Amino acid sequence: GKGLAVFTSGGDSQGMNAAVRSVVRMGIYLGCKVYFIREGYQGMVDGGDNIEEANWSSVSSIIHKGGTIIGSARCMEFIKREGRLKAAYNLVTRGITNLVVIGGDGSLTGANLFREEWSSLLDELLANNKITKDQREKYKYLHIAGMVGSIDNDFCGTDMTIGTDSALHRIIEAIDAIVSTAYSHQRTFIMEVMGRHCGYLAVVTSLASEADFVFIPEAPPSVDWRDKLCDKLEQERKSGQRLNIIIVAEGAIDREGKPITAELVKNVVVENLQQDTRITVLGHVQRGGSPSAFDRILGCRMGAEAVMALMEATPDTEPCVVSLDGNQAVRLPLMECVRRTKAVAQAMADKNWDLAVQLRGRS
Ligand code: ADP
């Protein structure tokens, strides 16, 4: 059977285990020899025990777990050719020529580069007598299928990234808990949620929790936001509301590009309205805990589609990213999606927010 390996790389997210499970089982079902690569690219470079053959039962009882059981890491060595040469050696000598990468845009970029270089890496290994001519010929094509694990929902080309829905659940639970105590004491709470370049978590949770105000990086408020905020909060209290909830995405900024932090918002509220105001920074709680039903199923569907894409690949099939489009699993050109995602970040850096939102499209 074909050699296929799966690894998780970059930041973790809920639902990655469901994806790993699905890749392993679909791969075995279709007759592949399936491997785990532990600790992302680091495990690929280091080889040894990090690359281990998986069997049907090695992915039992993981679908409900957050994070990734095969570990994830950032790896500086893989950014250099030397590291990628080691990685290529570790794959070829195990007969692995199909890779499923689960990560963010950095991890996908690395995979694409690896595939572009594959031929020349094998030439170098052959020249150094690290592999045989037979191995050079037999494993000459590397195929890549990616999927995006991220709670931020910040990737172009997919309606939802794996982990986003669970993060929404986590945030909503936290806000509900805060609301009850805020009600008792007539407090104002400022909740900071994740999302450096993407306000998706902030917008969706503010709608779902009846928040009074939300700050996101894509829609920086005009300079008079302080007045607008205070007017709104005051009006809510006057109409009988006992509490206020304000949600701030961690990357929120004003029109001049200056950060709008939870601390800054708190100072504005306290100085102008003298409300009893507290800050809750949710932090890594958002990335943890058990994956939602949606993320489990999303991981399963994406994993199966990724394996199918690899099995159907021909020598000139370009790397794809498996994504969700209108509730259909689709395969998109990997690098085009990465380029669009990077263009969004650039547009935001250029303060061209309309362009950023337009480029991001559906998600
Ligand atoms: P994410 O995948 O979540 O965006 P990173 O950007 O940290 O996270 O990338 C994860 C890993 O992918 C890096 O530590 C590195 O090993 C690899 N990687 C990222 N960018 C590149 C690149 N341009 N070339 C080669 N490898 C890369």
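**Notes on the predicted model**

1. Strand β11 (residues 320–325) is mostly covered, with five of its six residues buried. Buried denotes under 20% relative accessible area, exposed over 50%, and partly exposed the range in between (1.4 Å probe, protein chains only). Helices (H or I, at least four residues) and strands (E, at least two) are DSSP runs, numbered from the N terminus.

2. The model is a predicted one, in which local features need pLDDT of at least 70 and side-chain atom pairs count only at pLDDT 80 or more, while totals for chains, interfaces and linings use all residues. Residues are numbered from 1 along each chain as its sequence is written, and side-chain values use heavy atoms, with hydrogens and water left out.

3. Strand β5 (residues 143–150) runs parallel to β11 and is joined to β11 by three bridges; two strands pair if DSSP finds at least two bridges between them. In this pairing, A145 stands opposite C320 of β11.

4. Strand β12 (residues 328–333) runs antiparallel to β11, and six bridges join the two. V321 has L332 in β12 as its bridge partner. β11 and β12 form a hairpin with two residues between them, and G326 in the turn has a positive phi of about 60°.

5. Helices α4 (residues 105–127) and α11 (residues 334–349) pack with their axes 10 Å apart, at an angle of about 140°. Axes are lines fitted to C-alpha atoms, for helices over the stretch in contact, and angles run from 0 to 180 degrees between N-to-C directions. The angle therefore makes α4 oblique to α11; angles under 35 degrees count as roughly parallel, over 145 as roughly antiparallel, 65 to 115 as roughly perpendicular and the rest as oblique.

6. From α4, the residues D105, L108, T109 and N112 meet L334, M335, V338, T341 and K342 of α11, contact meaning heavy atoms within 4.5 Å. N112, which lies in helix α4, counts as buried because its relative accessibility is 8%. Leaving aside residues up to four places away in sequence, N112 touches P319, L334 and M335.

7. Is F189 buried or exposed? F189, located in strand β7 (residues 188–193), counts as buried because its relative accessibility is 6%. Apart from residues up to four places away in sequence, F189 touches I178, A182, N244, I245, I246, R278 and T280. The C-alpha atoms of F189 and I178 are separated by 7.7 Å, and these residues are 11 residues apart along the chain.
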